[in-house]
Amino acid sequence: MKEKLVLVGNGMAGVRTLEELLKLGPDDYEITVFGEEPYGNYNRIMLSPVLAGDKTIDEIMLNDEQWYTDNNIKLHKGKKITEIDRVNRKVIADDGTVEDYDRLLLATGSQPFIIPIPGNDLDGVISFRDIHDVDLMLDAAKEKKHAVVIGGGLLGLEAANGLLLQGMSVTVVHLMDTLMERQLDKPAAAMLKKSLEEKGLHFLMEAQTEAIIGKDQVEKVRFKDGTEIYADLVVMAVGIRPNFELAEKAGIHCERGIVVNDTMQTFDPRVYAVGECVQHRGQTYGLVAPLFEMGKVCANHFAKMGIGSYEGSVTSTKLKVTGIDLFSAGDFTGDENCEELVFQDAARGVYRKLVVKDNKIQGTVMYGDTIDGTWYFDLMRDETDITDFRENILFGQAHLGDSGHGDDNRIAMMSDTTEICGCNGVCKGDIVKAITEKKLFTLDDVRAHTKASSSCGSCTGLVESLLAHTVGGDYSVAPHLKPMCACTEHTHDEVRASIKKNELKSIPAVMDLMSWKTAGCSKCRPALNYYLLCQWPGEFKDDSQSRFINERAHANIQKDATFSVIPRMWGGGTTPEELRKIADVAEKYKVKTVHVTGGQRIALYGLKKDELPGIWGELNEAGLVSGHAYGKALRTVKTCVGKEWCRFGTQDSTHLGIELEKMTWGSWTPHKYKMAASGCPRNCAEATIKDFGVVCVDSGYELHVGGNGGIKVRVTDLLCTVKTEEEVLEYAAAFMQIYREEAHYMERTAPWIERVGLTYVKEKMLDDPEGRKAAAERFLFAQKFAQDDPWEERAKGGEAHEFTPIKKIS
Amino acid sequence: MSENWIEVGKLDDIPAQGARIVETKGGNIAVFRTQDDEIFAVLDKCPHKGGPLSQGIVSGKRVACPLHDWKINLDSGEAVAPDEGCAATYPVKMEGDMIMMSLTANEGCPNS
Ligand code: SRM
Ligand SMILES: Cc1cc2nc3c(=O)[nH]c(=O)nc-3n(C[C@H](O)[C@H](O)[C@H](O)COP(=O)(O)OP(=O)(O)OC[C@H]3O[C@@H](n4cnc5c(N)ncnc54)[C@H](O)[C@@H]3O)c2cc1C
Ligand code: SF4
Ligand code: FES
């Protein structure tokens, strides 16, 4: 017999929990759902666009009745549960329907707050919560003229905007002297008010409603100061109250909401609760992102996986009024220990404020241009130290050196044919269409369905903004700590820590101990393989089947399934003998393309896989070894000719580059790793866009870290200047090792440094000489096991199965 | 169908969570071995842009194409949603530790 799960409340949080549960354990329960509203499940957020005439009810349905049937869920729509009999484990509905449960999920949402004043029950006085309310408003707009919206918060303004677009004359009445005072500071609120007035809304600020007047139907609204205004329709949008009456009546502990623990369990262990009706760690929530996080955790426990825990959420707000861009998150007023960074351009209608404490963002308010909202939000949530880019932070992420997709990214103004994802050729229109038609909520959904942002990732910010813009709320908000991939709940850091602490020495051991949900995937297995290899040099046996083909075959796969071969040219130097060998090999194997790479060496293209060991053997004869152009590994060390030839050269940069490459080749890293050494500040080897770059100066060597070319160009940060080559080598080894040990797999030094902060890297590299030396030693130790030419091994017959068909049928 | 069976090779010739190819006139066929020693044969041509599936990472009963990371189900040859497409699959069976395969593709995939 399957256990019985009953859900009370057919809204966004409850059904989301069921969706998550169906993904984890589709057959775990016999599921029954009660919903007071007479529909399937719809996207409540989108009621505002429906009211504004941008959407229809059909378009905002998330799960129609067919979905319930398809998933064997019994839906009792239009039935309200009036009683929970916890002793006999039954719920009873207003029409007498009774259902038994083994586990009960309460997701009863909230109720709009109705101000206790005379006349609040007249016809024409409504709230803004469900489809029924929207229907009433749309009907009223057809015949009536004057609408009064009480409440100048998010909901009130969206209602007012909708009614205005439906042709009514609308007055917004607000108790305070500024709009949306819980989300906006005064300057932003003033800009908002001005824009809304330009659209045609009227405002009555600091007005306290005293009574609603009328016979049966509302006629007027009267205020404390005695003034009155005409009204055919009054919408009360002054706040919501968690709906916990049912739970309270059943003796479940409630305070301001149904009290739950970190696994979404109430005081009765059989009863869980999610959504706006709950109170978690003293907080209640009124936005969907946290509710979805709760749903995920709750589903995890229903599926008896027992590993999720909900630790509260940081939320952000957007207003869904077309043409108005505002964003707010966190604590945007601050206290005496906070500083404010403000940018204001009245002519362009742009305002940004960041509240900063100890160089960490506490909150933000943005108006007019909100493209950087998600970035600030991430910095805030990750508690990133912003010291190093503080002077530019207000200008946005684009001004941190992104030369590619930086400017003019104002989503709303883009045409449907604007290309968003350059890798996969996906336009704005395609993405918006997929989001609306396929009802996508998260970045991952959009990636899966449209491919946008799934390749190089440089358009991720744009896609997130589009998502926020199209679905309205803050759907795009990722959980506080991102799991490595869908196979696990654990983050990269947790996995690394556990490998170390529990002395895990194989991929299956990690997956077992950390309760992997699947057999792994092409994302987590290469990461685990790397983490194990980095933690246990010499001990861990590399799992080649968990490596991407390039690293498994030691060559880069091409689009036609052939491979390229790029031998190492130490520091960019070569010899006639090497060149002759390359020429001979290229002729003998009929190489289609010989190309001088962007990394100062020569690439041979179009080789068949079974030819590789042969060609490698021949290259080895001239001393040419693998260049690891295919690996998350040390790639190239570019150099210029330096003082040996150049009239400006200050040091022997070529020699230094070769030494660096000899020391580091063969090393596996979280992402690819590139170095360069330039002989003088003219910097011909482009050392300042490398992971580790050296610029020689008369007095020694400037060490630069965390740069890259590529998708988002980032110029290095200057770490320090040292005097001798030996020091350069020590610092290079130490920096590489710290990066190897601490970065997430697939995170290059540039994003790593932006995440942890340059200050942190300086502390480890400069303030702690002992630590630096130890890190350099750990690096050199690991290199003992890494510096075997993989080509030589295979040319001599190693891993033969990799390079030969199992059978040929002619 | 049964007269079509050919010997491919021994189970241990293929690494667990890996694949080897059988070269035929009609193109390569990838023979996969899962972690649980199940064997599957799939046309070595991704339904997306023809990537060599034999070179992908095998997890569970799926392979991730090396070119653009589509996931293909080894048993049906079908791409995992939301991607759409399908690669032909071929009957396989074990005789002792010998892998046997038929060169007549299973029905059901327009690609066969
Ligand atoms: C071969 C080469 C192009 C060429 O013919 O010149 C090349 C080819 C590829 N690059 Fe590159 N990059 C090559 C130099 C560069 C450079 C220039 C440099 O090294 O100075 C850059 C910019 C500098 C940098 O990395 O900071 C570069 C930035 C990228 C990026 C963006 C990296 C980033 O962090 O933004 C990618 C994408 C990635 O790694 O995810 C990439 C990815 C690729 C891949 C691996 C794409 C892929 O996954 O298949 C290409 C492999 C082709 C192949 O099979 O050979 N390639 N790539 C160059 C090899 C250099 C070498 O000798 O090893
Ligand atoms: C107009 C509007 C715009 C919004 N815009 C945004 C936005 O832009 N971004 C954002 O993040 N959030 C927004 N929200 C808030 C968001 O919609 C809510 O946070 C979310 O819907 C709450 O989900 P829930 O499941 O807790 O409650 P609900 O979605 O309200 O679901 C609760 C359901 O339970 C039913 N129910 C209650 N009691 C019983 C009972 N005893 N028996 C049976 N059924 C019962 C109710 O009828 C209701 O259908 C908006 C809300 C509204 C109204
Ligand atoms: S070599 Fe680099 S820039 Fe050129 S197409 Fe490939 S990934 Fe893009
Ligand atoms: S060719 Fe296989 S995913 Fe593109």
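Predicted model: local features only at pLDDT ≥ 70, side-chain atom pairs only at ≥ 80, totals over all residues.
Local features were taken at pLDDT of at least 70 and side-chain atom pairs only at pLDDT 80 or more, whereas totals for chains, interfaces and linings use all residues. Residues are numbered from 1 along each chain as its sequence is written, chains are lettered from A and ligands numbered from 1 in the order in which they are written, and side-chain values use heavy atoms, with hydrogens and water left out.

Oxygen atoms of ligand 1 are placed 2.8 Å from a side-chain N or O atom of A:Lys674 and 2.9 Å from a backbone N or O atom of A:Ile711.

Around ligand 2 there are 34 residues, with A:Ala13, A:Glu37, A:Arg129, A:Glu276 and A:Lys320 nearest. An oxygen atom of ligand 2 lies 2.7 Å from a polar backbone atom of A:Ala13, and a polar side-chain atom of A:Glu276 is found 2.5 Å from an oxygen atom of ligand 2. Of the 990 Å² of accessible area that ligand 2 has on its own, the protein covers 95% (Shrake-Rupley method, 1.4 Å probe).

A:Thr32, in strand 2 (residues 29-35) of chain A (strands being DSSP runs of E, at least two residues), is buried, with a relative accessible area of 6% (buried means under 20%, 1.4 Å probe, protein chains only).

Conventions: Polar contact = N/O pair within 3.5 Å; in protein donor to acceptor, adjacent residues only side chain to side chain. Helix = DSSP H or I, 4+ residues; strand = E, 2+ residues; numbered from the N terminus. Buried < 20%, exposed > 50% of the residue type's maximum accessible area, 1.4 Å probe, protein only. Near = heavy atom within 4 Å.
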